[in-house]
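Subject: Structure handover

Hello,

Here is the structure we talked about. Please open it and keep it beside this email while you read.

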Amino acid sequence: MKFSIAIPNSSLADEQTQRNKTKKISQIARACAIFQIHTIFIYEENKLYRTDCWFMIKIFRYIDTPQFLRKKLFSKEDELKYAGITMPLKIPSHNTINKLQNIEPGNIKDGIIFNYHHKKFIDIGIGILKYFGKKPIGNRIQIQFKSNYPNLEYKEIDPKDIKEYWGYNIKTKKNLLEFLYSWKGDIILTSKKGNIATIQQLQKYKEKNEELLIVFGTINKGLHEILGNKIYNIPNSKILNFFPKQKTETVRLEEAIGGVLSILNIFN
């Protein structure tokens with residue numbers, strides 16, 4: 001079963017400093033990596049938080065990028081001022097093969113295409129390879145090796161064809177309701193006003209084996225407040241409460257994501 005999540009552009013509203021915002025995004029990114037989230041959708045809950053939305057996109061993408069590619073793909077920007085406090089994902093795409101001599105057939109590496117003397121090359125962090133494909137300069141690509149060093153041969157592959165977890169995608173959605181109506185699989189709308197999540201209900205998602213979208217509200221505004229009465233008309237959706245006996249007044253977004261995904265992971 002594949003998971004994706006949807007979070008609001010106001011997800012950082014309870015954080016006052018850029019450092020704390022960066023830390024919160026890092027915590028969410030780690031949870032998403034642990035439970036192999038396919039896509040993080042950021043939907044517009046409030047126009048006032050569009051700047052926060054772009055900030056989240058920047059930090060999420062930075063964290064998902066292998067360390068050896070970060071300096072090449074990200075310039076020194078104010079948004080990345082506290083990037084050093086983010087926690088490493090240590091997922092397969094961030095593999096630690098540190099020498100070309102250690103490459104084995106089947107190994108996959110990320111690389112970035114660059115130009116040198118009017119020819120294209122790929123920088124994979126531990127070496128430079130000639131590039132014969134059609135992707136433009138500056139693109140991040142994935143290659144799979146077909147032979148050992150020193151006669152290295154490789155093929156370019158689509159991330160969709162990689163069996164290991166290769167990180168999450170980031171996408172934005174302007175209108176949450178329209179997005180939910182267009183979703184092809186099942187949807188879980190998380191809410192303390194929902195029905196308590198049961199083993200029987202969650203088991204059904206495993207049996208269907210479809211991509212499951214889990215939607216979260218904000219600490220100040222739940223999905224009932226965001227969607228109104230239309231929340232009851234969304235196709236293939238269930239409104240579920242995963243924290244029925246919570247003793248805190250609220251559950252923070254990063255806590256909700258980690259908690260909900262931990263429970264769903266049991267049935268995956």
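First, a definition. Rings of Phe, Tyr and Trp count as a pair if their centres lie within 6.5 Å. Planes over 60 degrees apart make the pair edge-to-face. Please note that this is a predicted model.

**Aromatic pairs**

How many aromatic pairs does the structure hold? It holds seven. Start with F41 and W183. Their ring centres are 5.9 Å apart and their planes stand at 85°, so this pair is edge-to-face. F41 sits in strand β2, residues 37–43. W183 sits in the loop between α4 (176–182) and β9 (187–196). The pair therefore ties together parts that are 142 residues apart in sequence.

Are these two residues buried or exposed? F41 has 6% relative accessibility, so it counts as buried. W183 has 14%, so W183 counts as buried too.

Now look at F60 and Y168. This aromatic pair is also edge-to-face, with 6.0 Å from centre to centre and 80° between the planes. F60 lies in helix α2, residues 50–64. Y168 lies in the loop between β7 (154–157) and β8 (169–173).

F41, F179 and W183 form one aromatic cluster. R70 lies over the face of Y62, at 4.5 Å from the ring centre.

**Cysteines**

A disulfide is a covalent bond between the sulfur atoms of two cysteines. This structure holds zero disulfides. C32 is buried, with a relative accessible area of 0%. C53 counts as buried as well, because its relative accessibility is 9%.

**The sheet**

Next, find the open sheet of six strands. The strand order is β8-β2-β1-β10-β9-β11, with parallel pairing. Which strands are at the edges? They are β8 and β11 (237–241), and each pairs on one side only. Neighbouring strands are turned by 30° against each other on average, direction ignored.

Zoom in on β1 (residues 3–8) and β2. They pair in the parallel sense over five bridges. I5 has I40 in β2 as its bridge partner.

Last, find helix α7, residues 253–265. Helix α7 lies across β1, β2, β9 and β10 (212–215), and runs at about 160° to β1.

Best wishes

How values were computed:
Residues are numbered from 1 along each chain as its sequence is written. This is a predicted model: local features need pLDDT of at least 70, side-chain atom pairs count only at pLDDT 80 or more; totals for chains, interfaces and linings use all residues. Side-chain values use heavy atoms; hydrogens and water are left out. Rings of Phe, Tyr and Trp (its six-membered ring) pair if their centres lie within 6.5 Å; planes under 30 degrees apart count as stacked, over 60 as edge-to-face and the rest as tilted. Helices (H or I, at least four residues) and strands (E, at least two) are DSSP runs, numbered from the N terminus. Buried means under 20% relative accessible area, exposed over 50%, partly exposed in between (1.4 Å probe, protein chains only). A charge sits over a ring if NZ of Lys or CZ of Arg is within 6 Å of the ring centre and within 35 degrees of the ring normal. A disulfide is a pair of cysteine sulfur atoms within 2.5 Å. Two strands pair if DSSP finds at least two bridges between them. Axes are lines fitted to C-alpha atoms, for helices over the stretch in contact, and angles run from 0 to 180 degrees between N-to-C directions. Contact means heavy atoms within 4.5 Å.
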